[in-house]
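Read it with the structure open.

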Amino acid sequence: MIEQLFTSRPRRRQKPLCGVWYRLHGWLCVLPLLCCAGCFDSLPGKPTEAERYRRPNTIMDFATLYKTHCSGCHGANGDWGPAPPLNDPMFLAICSDEELKKILTYGRPGTPMPAIAKQHGGALTDAQIDSLIAGIRKTWGKEVTPSDPPIPKYLPPEAAGNVEAGKDLFASHCAGCHGNAGRGGDMAGALNDSGFLGTVSDQLLRRIIITGRPDLGMPNYRDAGSKPLTSEEIADLVALLASWRTADEGLTNETDAARTSE
Amino acid sequence: MKQAIGKLLWWFEERLELRTSLWTVMRHPIPRDLRTQVGWLYVFGSTAMTLFVLQIVTGIGLGMVYVPSAGEAYESLEHINYNVELGWMLRAIHNWSANGMVVLVVVHMTQVFLMGAYKYPRELTWMVGVVLLLLTVGMAFTGQVLRWDADSYWGLGVGVAMVGRIPWIGPELVELMLGGPSVGSATLSRFFALHVFVIPGLLFSALAVHLYLVVRKGISEPPQPDEPVDPATYEEKYEAKLKTGDPFFPDVFLRDAAFIGLTLLVVVGVSAILGPDGPGIPPDPTLMHVEPVPDWYFLPAFAVLALSPPSLETAIILIAPVIGVGIMLLLPVFSGTGQRSWRRRPVAVLVVIACFLCYGVLWELGVQEPWSPHMTAWSGEPVPPHMLKGLSPKELQGAAVLQQKTCRNCHALDGLGGQRGPDLTDVATRLTRDQLIRQVIQGGGNMPAYGKELNRFEVEALVSFLETCKPKGYAAAESSVVTDRAD
């Protein structure tokens, strides 16, 4: 029955609307082709080498490496993170490449700074670590105007610091902000607290006293007191802080209680 | 000259008799009611079919360069992307047109369902349509595996999980599917064969039947609420409509052609702008921290599989799809007659809305994948500086401990970081110091216990930092207000 309809239907003229579509149609198809012809290579969809997947161990670009492996602790721009700033020309001026490499390769055991090198459980190859160090220097290192007296050395002097001398220095240089015996003041928090001291290295304490923390408002070795601190005086201060580390036993009872109720 | 060509054509016509076969089909009448705007709802099926043809054309192009071997597939795709002239465009079109085809098939099906076009006498057309949907999804599924990057493992994993659960013959089927006990080079060859020969062949055959039925039974007229389908009278009424109908070609065809053209433009445009998809991370077990994620249309399935408790897995992976497909296939058997208009079929409308809502919600979950930790958040996501302002040295150190102990992989600060656990930005308004200590040391509720990994200094620093996680001027949580969580 339907078949009869197929054959018996009269021919109809096409409607005007369809005609418009019909004519537009051809152009709609041809136009983009014309536009595209010859400029295929500049189309935004063309995959670029940058989009190509690269194995993590072939990434050498500093910004990417820093963003995936360091910015969590050292801050998006190398400062304003909980860990010490790397975006600090004074620090970069006193810390040698070998020292940086050692820190990155082995981490700082006993502190949150992890080992970055593959062979020590990290994620990066030796070459990547080198390019990271070069990138840190290139991005954040600046010529520091030579000062008198010169900036104290990054590594501590041979002789151990003197705790008693440290006490005096602390009172004159630090107590104004960090409070008497480092128990905390209006300007800055407590240092005499094993929650802090128990998770930082002596090397970090030395570095902080030298460079300060410009991002947080902690002054450097020159501005903390009336007179710039010398390398030995800094060692004395570090010795004092280290002696507080073991002295403070007060805090631990409640964490131990939580542990035993486990 | 003209005469000669005419003669030649006539020679063929005498033997092919296209005038009485193909031409009559092209001119088959379509009810007049389609002349109004509603006619635009009838264009999706033919557009999906056109994209299928485009898939075949681009697929053949890709097939000329693609190497279906586990060792070379990935490189051959990169080769197409970067070295073959316009190869990337071919991949992009194949990908986006596949996306478009999935979308259009679903839209077409929704339209047919809402307009009751599956009812008498077009039940079989619908059933074949369901088969076409499954085959289309099968193409999408196998195609994703051919990309052979880390994400393709998802498809393989789901396939194995599904097939492996079939009673009695499951394990044998898995081995048949993978070409061995585990994923290897035989696996890729098999999926290649499925994607290139088996499923397209089935799709072609089913499509032929579908088209035959469409032409034979005629295009359904737009439903009228006061004209329910009654098998006794329907044919007669419908034929009366056809007497005044328009021929498919060229009247109705132009509308399809217009939409098809538009769709092709969109596909080519999107391909030119967004480019091809992947290949992503190479399939290499030594690359850790890779969580395979499927193409977008499978994200809801991804979410369901990731979130379902193990006890329900068989039900969800095997039984639910079988039931779902069964319902779709048998739909015209249950409701093959009666009211067609969606205005009088509230349940049908609700079912459609519910399906799309479910899909959307699960999709959103799939996009965010809150259940999987973000493996590099701990070393990559900065602590928001405003949370560090004015903190004491110990609290600062606590933030460093939080990062180092990979808490950020599960917990966000200010929305940045993993979503598996609660955002910790305001945690101090919810938990007291004691509760924080307990949570960190004992874990609980999908959070590992950290007691053994933290020394007392670290716990102290960490908790003192967490205690500062509250808006400025906001009081800390008090034990009397907050219920004790560890009990």
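Where does B:Ala150 lie? B:Ala150 sits in the loop between helix 6 (123-146) and helix 7 (152-164) of chain B. The model is predicted. B:Ala150 counts as buried because its relative accessibility is 7%, and buried means under 20%. Between the C-alpha atoms of B:Ala150 and B:Val229 there are 51 Å, with 79 residues separating the two along the chain.

**Chain A**

Chain A has 12 helices and 0 strands. Of its 262 residues, 42% are buried. Take the contacts in chain A between residues at least 6 apart in sequence: 66% of them join residues at least 24 apart. The accessible surface of chain A is about 14,300 Å², and 59% of that belongs to carbon and sulfur atoms.

**Nonpolar cores**

The largest nonpolar core holds 45 residues. A:Leu132 and A:Phe170 have the most contacts inside it. Several helices of chain A each supply at least two residues of this core, including helix 3 (62-69), helix 7 (126-140) and helix 8 (163-178). Helix 11 of chain A gives the largest share, 6 residues. Leaving out residues up to four places away in sequence, A:Leu132 touches A:Phe62, A:Leu65, A:Tyr66, A:Cys70, A:Leu104 and A:Leu124.

**Salt bridges**

Over all chains, the count comes to 20 salt bridges.

| Pair | N to O distance |
|---|---|
| A:Asp193 and B:Lys394 | 2.8 Å |
| B:Arg35 and B:Asp246 | 2.8 Å |
| B:Glu458 and B:Lys405 | 3.8 Å |

The side chains of A:Asp193 and B:Lys394 meet in a salt bridge. A:Asp193 lies in the loop between helix 8 and helix 9 of chain A, and B:Lys394 in helix 16 (residues 393-404) of chain B, so this pair joins two chains. Both residues, A:Asp193 and B:Lys394, are buried. They also belong to a network of salt bridges with B:Arg433, B:Glu460 and B:Glu467.

The side chains of B:Arg35 and B:Asp246 form another salt bridge. B:Arg35 is in the loop between strand 1 (29-30) and helix 3 (44-63) of chain B, while B:Asp246 is in strand 2 (residues 246-247) of chain B, so the pair ties together parts 211 residues apart in sequence. B:Arg35 is partly exposed, at 29% relative accessible area. B:Asp246 is buried, at 2% relative accessibility.

B:Glu458 and B:Lys405 are also paired in a salt bridge. This pair links distant parts of the chain, 53 residues apart: B:Glu458 is in helix 18 (residues 456-467) of chain B, and B:Lys405 in the loop between helix 16 and helix 17 (433-442) of chain B. B:Glu458 counts as buried at 9% relative accessibility. B:Lys405 counts as buried at 13%.

**A buried serine**

B:Ser220 is placed in the loop between helix 9 (185-217) and helix 10 (234-243) of chain B. Its relative accessibility is 7%, so B:Ser220 counts as buried. Its side chain makes a polar contact of 3.5 Å with that of B:Arg340. Not counting residues up to four places away in sequence, B:Ser220 touches B:Arg340 and others, among them B:Leu34, B:Tyr42 and B:Tyr238.

**A surface patch**

B:Leu8, B:Trp11, B:Phe12, B:Leu16, B:Leu18 and B:Leu22 form a nonpolar patch on the surface. Together they have about 590 Å² of accessible area. Helix 1 (residues 2-16) of chain B supplies the largest share, 4 residues. B:Leu22 lies in helix 2 (residues 22-26) of chain B. B:Leu22 is partly exposed, with a relative accessible area of 46%.

Terms used. Residues numbered from 1 in each chain as written. Chains lettered and ligands numbered in written order. Predicted model: local features only at pLDDT ≥ 70, side-chain atom pairs only at ≥ 80, totals over all residues. Heavy atoms only, no water. Core = buried A, V, L, I, M, F, W, Y, C linked by side-chain atoms within 4.5 Å. Buried < 20%, exposed > 50% of the residue type's maximum accessible area, 1.4 Å probe, protein only. Contact = heavy atoms within 4.5 Å. Polar contact = N/O pair within 3.5 Å; in protein donor to acceptor, adjacent residues only side chain to side chain. Patch = residues over 30% accessible without salt bridge, like charges linked within 9 Å, V, L, I, M, F, W, Y side chains within 5 Å. Areas by Shrake-Rupley, 256 points an atom, 1.4 Å probe, with all protein chains shown as cover. Salt bridge = Lys/Arg side-chain N within 4 Å of Asp/Glu carboxyl O.
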